[in-house]
Amino acid sequence: MSAYFLPSDILLPDFSAVNGTTWATIACDQFTGEASYWHALDERVGDAPSTLRLILPEAFLNETEARVPAVRESMEYYLREVLVRHPNSMIYLERVQSDGKVRRGLVGMIDLEQYDYNRGSSTLIRATEETVPERIPPRLAVRREAVLELPHVMLLIDDPEKTVIEPIAARAATLETAYEFPLVEGSGAVSGKFIDSVGIGRISNALVRLATPERMRERYGADVAPLLFAVGDGNHSLAVAKALYEEIKAAHGESALTHPARYALVEVVNLHDPTLEFEPIYRVMMGVDPDDVLSELEKYSFSLRGNAAPQQARFISAKRRGTMHFGTPSAQLTVGTLQTFINSYIKAHPGASVDYIHGTKTVEALSRAEDAVGFLFSGMEKNDLFRTVIYDGALPRKTFSMGHAEDKRFYIECRRIK
């Protein structure tokens with residue numbers, strides 16, 4: 001079996017005795033500005049077993065030191081009293097989204113030796129967006145104390161022929177049920193099946209075929225280092241898992257290679273699953289002189305000497321609107337070309353800032369301010385994701401959005417990392 005994607009000792013509660021709706025909790029990086037969501041959830045869960053007790057919502061990262069001991073205590077209690085071990089398991093998952101569409105995925109573990117989030121990496125597993133180093137330490141403090149991990153990382157595979165997940169979906173009715181229940185109101189439902197040894201073997205073989213040099217050449221037009229998994233969601237959570245493993249390696253040397261923290265539990269989804277939709281995230285610069293920004297942006301556009309296809313972005317300010325053209329950009333995406341300029345401009349102009357906006361109406365509204373200028377541009381087609389990461393490396397922060405908060409991954413499965 002390849003080491004690309006592996007079965008794991010998965011821990012689940014006995015769902016005949018534990019309410020699945022109460023057990024499952026949305027990813028910790030959602031509703032970060034809405035502490036009220038998490039307070040209401042806390043009241044609703046009460047004393048019932050719930051993954052809420054095993055995580056630290058990022059809305060409360062500033063309370064890490066006070067909250068982590070209770071999280072660890074709950075993990076150890078759940079290990080003794082709540083969780084049941086399912087050895088050498090992999091789960092086929094169906095998630096009914098808030099819109100009624102069904103997303104299909106696989107839950108198993110990946111080897112962090114094959115992952116590097118740094119720009120320009122050539123590992124089998126790579127970040128799709130820029131990792132912000134400052135976001136790692138507070139999250140790492142939580143993981144250091146944890147005896148369990150709960151995955152909200154979603155990895156994408158570029159499998160237009162649908163050779164990995166979809167054959168398992170076709171025979172899902174023959175597999176043993178792991179869980180099936182509705183999620184909290186507005187978030188749909190979820191079901192999971194334990195994949196048998198035949199299915200695990202087929203998944204492994206199909207992933208090997210996706211990562212061959214021949215396939216890379218055919219799919220991306222050049223001899224490039226194989227990219228098998230691109231991080232679609234949970235980028236910083238996976239970076240934290242890697243950071244902890246590197247700490248363990250530094251402290252324990254070769255013995256770290258057998259440490260359970262070498263691996264991370266994830267969900268794998270096909271980029272070509274019809275439920276996955278990419279939406280652009282626009283930019284609005286604030287605290288700026290719009291005319292100066294546009295003048296400098298025009299100079300920047302003339303200075304570009306790349307070989308990517310021509311691009312354009314619409315600009316909006318209180319007094320002007322129009323289109324800026326980039327004839328010979330270096331970045332594959334308009335958002336990459338624009339973000340390079342924005343980063344440089346903000347660095348040179350104290351007081352200038354940028355906000356990342358979903359929806360054209362919000363961009364229009366914010367750009368009415370005298371010290372603001374907004375940019376609208378075509379979003380990245382999801383079929384371009386792997387090619388762009390291969391040629392450009394990790395994308396700028398907030399390049400695209402995959403669905404609404406309510407449809408993000410929920411914590412259900414657990415795994416020991418100590």
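Q: Hi! Which residues does Thr64 touch, not counting those up to four places away in sequence?
A: Thr64 touches Leu56, Pro138, Ala141 and Val142, where contact means heavy atoms within 4.5 Å. This is a predicted model, in which local features need pLDDT of at least 70 and side-chain atom pairs count only at pLDDT 80 or more, while totals for chains, interfaces and linings use all residues. Residues are numbered from 1 along each chain as its sequence is written, and side-chain values use heavy atoms, with hydrogens and water left out.

Q: Where is Thr64 placed, then?
A: Thr64 is in helix H3, residues 64-81. Helices (H or I, at least four residues) and strands (E, at least two) are DSSP runs, numbered from the N terminus.

Q: Is Thr64 buried or exposed?
A: Thr64 counts as buried because its relative accessibility is 11%. Buried means under 20% relative accessible area, exposed over 50%, and partly exposed in between (1.4 Å probe, protein chains only).

Q: New topic: how many cavities of 30 Å³ or more are there?
A: The count comes to four. On a 1 Å grid over the protein atoms alone, a cavity is a set of points where a 1.4 Å probe fits but cannot get out, and a pocket is an open set with protein on both sides within 12 Å along at least five of seven lines; lining residues have an atom within 4 Å of a point.

Q: What volume does the largest cavity have?
A: About 420 Å³, a volume being the space filled by probe spheres set on the points, with grid points joined across faces, edges and corners. Of the 24 residues that line the largest cavity, Cys28, Arg143, Leu150, Ser237 and Tyr411 are the closest to its centre.

Q: Which element gives the most to that lining?
A: Helix H8 does, with four residues. By class, the lining of the largest cavity has 18 nonpolar, two polar and four charged residues. Here Ala, Val, Leu, Ile, Met, Phe, Trp, Tyr, Cys and Pro count as nonpolar, Asp, Glu, Lys and Arg as charged, and the others, Gly among them, as polar.

Q: And what about the largest pocket?
A: The largest pocket has a volume of about 750 Å³. Its lining has 29 residues, of which Asp29, Gln30, Asp233, Lys398 and Lys408 are the closest to the centre. Strand S12 (229-233), H8 and strand S20 (400-402) each give two or more residues to the lining of the largest pocket. That lining divides into seven nonpolar, 12 polar and 10 charged residues.

Q: Let's turn to Glu267: which side chain does it join in a polar contact?
A: The side chain of Arg409, at 2.7 Å. A polar contact is a pair of N or O atoms within 3.5 Å; within protein, one must be able to donate a hydrogen and the other to accept it, and residues adjacent in sequence count only if both atoms are side-chain atoms.

Q: Where does Glu267 sit?
A: Glu267 is in strand S13, and it counts as buried because its relative accessibility is 1%.

Q: One last thing: is Asn88 buried or exposed?
A: Asn88 is exposed, since its relative accessible area is 54%. Asn88 belongs to strand S3, residues 83-89, and has a positive phi of about 50 degrees although it is not a glycine.

Q: How about Lys162, where is that?
A: Lys162 is in the loop between strand S9 (154-157) and helix H5 (166-170). Lys162 also has a positive phi, near 60 degrees, and is partly exposed at 35% relative accessible area.
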